[in-house]
Every structure is written in structure tokens, then in C-alpha cells.
Amino acid sequence: MKNVVLLMIMLGVSAGTKAQVKVEQMAPEIALPGLKDSTVHLSSLKGKVVLIDFWASWCGPCRASIPSVISLYNKYKAKGFEVFGVSIDSKKRDWIKAVEQDKINYTQVNDKAGWYSKTAEKYGVNAIPNTFLLDKTGKIVAIDLAEDQLEAKIQALLN
């Protein structure tokens, strides 16, 4: 009986955890509505160094990180760097308001499913902000780097 209970607990724990994608893995496709409701595909950015940034309007740490992401984007976009922001806001108007307030000028998509987002699940996102840096082929080369490490890695990938 003890073995059955232990097995059930182990199965429950493993079913509740999400396997995050790993460095060196190709990034799973993301296809979600953008600000103008048309579907935007992550794969459309192939050939560029891409930072995928999972965030939400109600997330204080996410909003606090946006100015540095905008700064990196503005500094390196002419060299082939792109940011693909993935909002998990369930209310479109909250997402759009945050984009406008924070003056976000890079690609934005929204998965209105919130924490039930299949996209976030594919990437194993359990907390936000959560970032994934892709090389020009679409391979994940880093996850959740600190700002200075992120900039150094972007520079290296663009050279």
C-alpha cells in the first residue's frame, strides 16, 4: 500500500511540473495574434538573433525589465537583433495599455490563455519574466541571462 501511495505522489509531482526547453534545442514555433490581430510567427524572424520575452502587464518585475530590453533592442536592431515579446495577459486591453505605457517598440504577441497558455507550457515557463535567446538559426543559446551577460551574448552572436 505504501508503494502505491508513493507512486501516486511521484506521478502527481511529475505531471505538475513543466519541462523547460533547453539550451542547444531549436526553439518551438510560436504563432499568436499581434497588436493588429494578425498572427505573427516566431519563425518569420529566422536569420536574426532573437530574444523571446514572456511577460504580462500585471507583473512588476516584467514591467521593470522592459526599459532595458527596449534599450538593447534599439542598440542592436540595425545589426540583426529582434525581440519577440509574448504576453500572457488574459485581457487584451491590459496588454495593449501596457505596450503603450511602456512605449514597447518591438514585436509583440499575446496569448490570452494566461497561465493556461500552451505556448508558455511548450517553453516550460513557470514564472515571468522568462527569456530565451536564439541564434540566427532559431536555436536556443541562453535562458534568463542577467542584463550584462545578455548584452555580451547578443554582441557575440551578431559578430
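This is a predicted model: local features need pLDDT of at least 70, side-chain atom pairs count only at pLDDT 80 or more; totals for chains, interfaces and linings use all residues.
Q: What makes up the secondary structure of the protein, and in which order do the elements run?
A: There are five helices and seven strands. From the N terminus on, the order is α-β-β-β-α-β-α-β-α-β-β-α.

Q: How do you know how much of the protein is buried?
A: A residue counts as buried under 20% relative accessible area. Of the 159 residues in the protein, 42% are buried.

Q: What makes the largest nonpolar core, and which residues have the most contacts inside it?
A: The core has 45 residues, and those with the most contacts inside it are Ile 30, Leu 42, Ile 52, Phe 54, Phe 81, Tyr 123 and Leu 133. Elements giving two or more residues to this core include strand E3 (49–55), helix H2 (60–76), strand E4 (81–87) and helix H5 (147–158). H2 gives the most, with seven residues.

Q: Why is Leu 150 called buried?
A: Its relative accessibility is 7%, and the cut-off is under 20%, so Leu 150 counts as buried. Leu 150 lies in helix H5. Neighbours up to four places away in sequence aside, Leu 150 touches Leu 51, Leu 72, Leu 133 and Leu 145. There's also Val 69: it is 81 residues from Leu 150 along the chain, yet their C-alpha atoms are separated by 9.9 Å.

Q: And why is Val 50 called buried?
A: Val 50 has a relative accessible area of 2%, and buried means under 20%, so the label holds. This residue is found in strand E3. Val 50 and Glu 82 are 32 residues apart in sequence, but C-alpha to C-alpha they are 4.8 Å apart. Leaving aside residues within four places in sequence, the contacts of Val 50 include Leu 42, Phe 81, Phe 84 and Leu 133.

Q: Which residues is Leu 133 in contact with, leaving aside neighbours within four places in sequence?
A: Among them are Val 49, Val 50 and Leu 51, then Ile 140, Val 141 and Ala 142, and also Leu 150, Ile 154 and Leu 157.

Q: How do you know which side of H3 is the buried one?
A: Trp 95, Ala 98 and Val 99 are buried in H3. They cover an arc of only 100° around the axis, so they sit on the same side of H3. An α-helix has 3.6 residues a turn, so residues three or four places apart point the same way. The face turned away from the buried side of H3 carries the exposed residues Arg 93 and Glu 100. As for partners, the buried residues of H3 pack against strand E1 (31–33), E3, H2, E4 and E5.

Q: What makes Glu 24 and Lys 139 a salt bridge?
A: The N to O distance between their side chains is 3.3 Å, and the limit is within 4 Å, so the pair qualifies. The two are 115 residues apart, with Glu 24 in the loop between helix H1 (2–16) and E1 and Lys 139 in the loop between E6 and E7. Glu 24 has 54% relative accessible area and is exposed, the cut-off being over 50%. Lys 139, at 24%, counts as partly exposed.

Q: How do you know that Asp 37 and Lys 92 form a salt bridge?
A: Their closest N and O atoms are 2.5 Å apart, and within 4 Å is what's asked, so the pair passes. Asp 37 lies in the loop between E1 and strand E2 (39–41) and Lys 92 in helix H3, so parts that are 55 residues apart in sequence are tied together.

Q: What ties H2 to H5?
A: Lys 75 forms a salt bridge with Glu 151, with 2.7 Å between the closest N and O atoms. Lys 75 lies in H2 and Glu 151 in H5, so the pair ties together parts that are 76 residues apart in sequence.

Notes: Residues are numbered from 1 along each chain as its sequence is written. Side-chain values use heavy atoms; hydrogens and water are left out. Helices (H or I, at least four residues) and strands (E, at least two) are DSSP runs, numbered from the N terminus. Buried means under 20% relative accessible area, exposed over 50%, partly exposed in between (1.4 Å probe, protein chains only). A nonpolar core is a set of buried Ala, Val, Leu, Ile, Met, Phe, Trp, Tyr and Cys residues joined through side-chain atoms within 4.5 Å. Contact means heavy atoms within 4.5 Å. The arc is that of the directions from the helix axis to the C-beta atoms.
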